[in-house]
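Hello,

Here is the structure I promised to pass on. Have a look at it first, and my notes follow below.

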Amino acid sequence: MAKKWYPVIDILTCQECGSCVAKCTHGVYDKSKAPVPMVVNPDNCIDHCHGCGNLCPVGAIAYVGDDTGWIAPALQNQPQAKEECCCCGSTSKGKKEIKIEYLYLDLKTCDRCVGTDAVLDEVVEALRPALELAGYQLSYRKQEVYTVEIAASYRFLSSPTILVNGQDIFDTITESDCGCCGDIAGVQVDCRVFEHDGKTYEVPTGEMLADAILKAIYHPNVCTCGEYQLPENLKRFFAGKEKKAASSCCCGTSNCC
Ligand code: SF4
Ligand code: SF4
């Protein structure tokens, strides 16, 4: 069974104070990334613990599987605390904030996710000085999409995805068979490819990413949020991964006994 209780951070609200990372003693967060809260070991989270969420000064933490009616202390008595649009993350505060998020299925074996991650790291660090000079405050974080719940919370449609203030930097999604993610799930899985000038890339170039990020900043799309549905392809991936994990032997393999 996949873990059904762990924190999910709303990056558009998070102020990166680091309180949650400091609070947790169970290794759920990657301490080396503090103060940025990166959930790396959701399985370590203690059922029904709200320890980090109770400390968050802005109510940016929710819990997958939480049916307790818990309300983050920072949001109590503030029914309209959030000023975000439904999914695009545009705010009514007019702040020059840019939040870049990298969403992926796997950073251990998937060539596309790993390759895109490396290119994106370079592009973000190259763009950062210019954007800060232009008066923007830039934050950058990564999120592994472990489960259908995390996928739903990001309205995740394809791996990998890069968001700028909640908006996919690419307008269209094209996919092809991904052997790496297929191996993880034990089923056929399609992952994203990137098209540019009539060519298709499994890993986008720096030029493609820089151009798409800047367009998303200077010409954001109008929000077109509709009802979200997890694509069949991703349903297959998560179901296959869960089945594989359930059939694994105690030694950590699926075929030793
Ligand atoms: S809920 Fe508790 S165990 Fe889970 S990440 Fe937060 S502090 Fe750690
Ligand atoms: S406590 Fe809240 S604001 Fe601070 S880093 Fe964690 S999620 Fe972000």
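A word on terms before the details: a residue is called buried if 20 or more other C-beta atoms lie within 10 Å of its own, exposed if 12 or fewer, and partly exposed in between, with C-beta atoms placed from the backbone. Helices (H or I, at least four residues) and strands (E, at least two) are DSSP runs, numbered from the N terminus.

This is a predicted model, in which local features need pLDDT of at least 70 and side-chain atom pairs count only at pLDDT 80 or more, while totals for chains, interfaces and linings use all residues. Residues are numbered from 1 along each chain as its sequence is written, and chains are lettered from A and ligands numbered from 1 in the order in which they are written.

Helix H3 spans residues 111-133. Its buried residues are Arg112, Cys113, Thr116, Leu120, Val123, Val124 and Leu127. At leucine 127 there is also a kink of about 35°, shortly before proline 129; the bend is the angle between axes fitted to the seven residues ending there and the seven starting there. Just after H3, glycine 135 has a positive phi of about 95°.

Now the sheet: 4 strands make an open, mixed sheet in the order E4-E3-E5-E6, where strands pair if DSSP finds at least two bridges between them. E4 and E6 (167-168) are the edge strands, each pairing on one side only. E3 and E4 run parallel and are joined by 8 bridges, and lysine 99 has serine 139 in E4 as its bridge partner.

Best wishes

Key:
The expected span of a helix is 1.5 Å times one less than its number of residues.
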